[in-house]
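Reader: I am new to this structure and should like to be guided through it by question and answer. Please present it first.

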Amino acid sequence: MAGFGWKLHGDGRSPAPGAVVKPDERLSWGRTIGLGAQHVVAMFGATFVAPVLMGLDPNLAVMLSGVATIFFLLVTGGRIPSYLGSSLSFVGVAAVIKAQGGDAATLTGALLVVGAVLTACGAAIQAAGARVIHAVLPPVVTGAVVMLIGFNLAPVTAGTYWPQDQWTALLTMLFTGLALVVLRGFWSRIAIFLGLVFGYAVSWIFDRVLGQIHSATGAGTVTDHWRLDLSGVGKADWIGLPTLHTPNFSASAVLVALPVVVALIAENAGHVKAVGEMTGDPLDDRMGAAIMADGAATMISTSVGGPATTTYAENIGVMAATRVYSTAAYWCAAGFAILFGLCPKFGAVVAAIPGGVLGGITVVLYGMIGLLGAQIWVHNRVDLTNPLHLVPVAAGVIIGIGNVSLKFTDDFSLSGIALGTLVVLLGYHVLRLMAPAHLKQQPPLLDAGTSEYDAGTSDR
């Protein structure tokens with residue numbers, strides 16, 4: 001199957017009780033287009049928040065998410081219905097590279113190399129089989145890496161976004177948390193997006209009622225300014241190409257970004273396994289191809305100035321709620337995303353998101369990313385009373401969160417995410433070689449090797 005020629009499911013209106021619309025099926029085109037629009041809304045929050053937090057063009061990111069999704073569907077032959085959006089795993093990497101004096105081109109250069117490495121890993125997994133993931137990256141390692149990637153971001157929220165408008169940040173945080181807990185189904189999966197809309201509205205109201213705020217701006221300068229500045233929206237065109245740039249390569253930036261490959265492999269493996277379980281079509285034989293496609297899509301995106309991509313749990317959640325796994329809906333979603341990306345006015349609205357709003361959102365979002373690591377441990381029954389697990393994890397997580405640095409020369413050092421990942425990965429495997437036999441005994445790994453998907457919750 002090349003991914004085209006979808007068969008009409010039943011009467012084309014909705015799945016029969018207990019049935020699902022499979023990847024090679026579709027509902028009526030009207031309903032399929034509507035589902036595509038729903039997928040766009042589901043991915044929207046994270047896909048445009050990620051580039052905003054990394055200093056990249058959100059319009060370009062949204063457009064390239066559509067291009068990446070089409071590429072992914074073609075490479076996987078239409079068997080794996082997934083949406084590829086902007087990866088949030090690199091937000092901490094972007095902050096480190098910026099602190100080192102790097103710019104957007106330096107960041108995208110590092111991400112392009114990560115995409116190339118991920119592509120090579122996918123090819124190796126496709127050749128050797130999915131079990132190689134479990135051997136090299138057991139859940140104790142992947143959980144720790146995901147955790148330190150998320151919690152390494154805490155200073156970004158505390159030092160950059162929250163101080164710009166603490167009260168808007170607090171209200172946005174409370175609303176977003178309430179939406180995540182109280183809302184159900186599809187609405188809970190777009191809670192981050194709803195939180196952004198709420199914060200946007202609160203900032204507008206505060207400007208009208210309280211006037212300008214005296215605080216730090218995004219540039220770090222303390223001055224009187226409006227919380228919500230929409231001057232750029234009026235000047236922006238309705239139709240136009242996003243801003244493109246070529247990547248620039250820096251060895252130090254690449255070293256900072258490379259450890260995230262571990263998280264991306266874990267994320268992709270878990271999502272592919274989840275889709276296979278829900279559709280009833282085991283996809284372990286295509287796991288390597290999916291990882292390879294994601295890596296290549298990242299290379300395509302970053303080569304013109306976009307962010308790295310990854311499969312999205314939000315859209316898996318939409319499929320679980322609707323029982324429609326048709327790849328036709330993803331083609332429609334990709335088409336909508338490309339059209340959105342060609343509207344500079346939309347990008348200007350996104351770029352105007354107040355810093356206080358991002359402060360409230362990122363408190364919740366970064367914490368959720370970090371706690372996904374703990375979720376991996378829980379779902380895979382990782383025993384943290386075992387010193388073989390505890391020692392490398394404890395050291396690596398503290399190094400990652402505390403941004404500990406190890407200086408080799410005046411021009412080369414490792415710190416934070418990169419150093420923490422190396423400590424966890426190498427520490428675990430080296431200690432395992434020397435550990436007594438009773439410490440190596442552990443329950444069999446779950447097939448997912450990362451985390452299982454719970455259709456009733458959002459895992460992102």
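**Cysteines, helices and rings**

Author: A search of the whole structure finds zero disulfides, a disulfide being a pair of cysteine sulfur atoms within 2.5 Å. The model is a predicted one, in which local features need pLDDT of at least 70 and side-chain atom pairs count only at pLDDT 80 or more, while totals for chains, interfaces and linings use all residues. Residues are numbered from 1 along each chain as its sequence is written, and side-chain values use heavy atoms, with hydrogens and water left out.

Reader: Which cysteine sulfur is closest to that of C332, and how far away is it?

Author: A disulfide is a covalent bond between the sulfur atoms of two cysteines. The closest cysteine sulfur to that of C332 is too far for a bond. It belongs to C343, at a distance of 20 Å.

Reader: Is C332 buried or exposed?

Author: Buried means under 20% relative accessible area, exposed means over 50%, and partly exposed lies in between (1.4 Å probe, protein chains only). The relative accessible area of C332 is 15%, so C332 is buried.  Another cysteine, C121, has 24% and is therefore partly exposed. The answer for C332 is thus: buried.

Reader: How many helices and strands does the protein have?

Author: Helices (H or I, at least four residues) and strands (E, at least two) are DSSP runs, numbered from the N terminus. Counted in this way, the protein has 21 helices and eight strands.

Reader: What span should helix 8 have, and how far apart are its end C-alpha atoms?

Author: Helix 8 covers residues 166-182, which is 17 residues. The expected span of a helix is 1.5 Å times one less than its number of residues. For helix 8 this gives 24 Å, and the end C-alpha atoms agree with it, being 24 Å apart.

Reader: Where around helix 8 do its buried residues lie?

Author: The buried residues of helix 8 are T168, A169, T172, T176 and A179. They cover an arc of only 100° around the axis, where the arc is that of the directions from the helix axis to the C-beta atoms. W167, L178, V181 and V182 are exposed on the other side of helix 8.

Reader: What kind of pair do W6 and W29 form?

Author: The ring centres of W6 and W29 are 6.0 Å apart and their planes stand at 85°. The pair links distant parts of the chain, 23 residues apart: W6 is in the segment before strand 1 (7-8) and W29 is in helix 1 (residues 29-54). W6 counts as buried because its relative accessibility is 16%, whereas W29, at 39%, is partly exposed. From the angle between the planes, the pair of W6 and W29 is edge-to-face.

Reader: Which parts of the chain does the pair of F175 and F198 tie together?

Author: F175 and F198 form a stacked pair, 4.3 Å centre to centre with 5° between the planes. F175 is partly exposed at 28% relative accessible area, and F198 is partly exposed at 26%. The two residues are 23 residues apart in sequence, so the pair ties together helix 8 and helix 10 (residues 191-210).

Reader: Which residue has its charged end over the ring of W238?

Author: A charge sits over a ring if NZ of Lys or CZ of Arg is within 6 Å of the ring centre and within 35 degrees of the ring normal. Over the ring of W238, 5.1 Å from its centre, sits the charged end of K345.

Reader: What is the phi of R381?

Author: Most residues other than glycine have a negative phi. R381 is in the loop between helix 18 (355-379) and helix 19 (387-402), and is exposed at 56% relative accessible area. Its phi is positive, near 55°.

Reader: What radius of gyration does the protein have?

Author: The radius of gyration is taken over C-alpha atoms, and the globule rule is 2.2 Å times the number of residues to the power 0.38. With 460 residues, a compact globule would come near 23 Å. The protein agrees with this, having a radius of gyration of 22 Å.

Key. Phe/Tyr/Trp six-rings, centres within 6.5 Å; stacked < 30°, edge-to-face > 60°.
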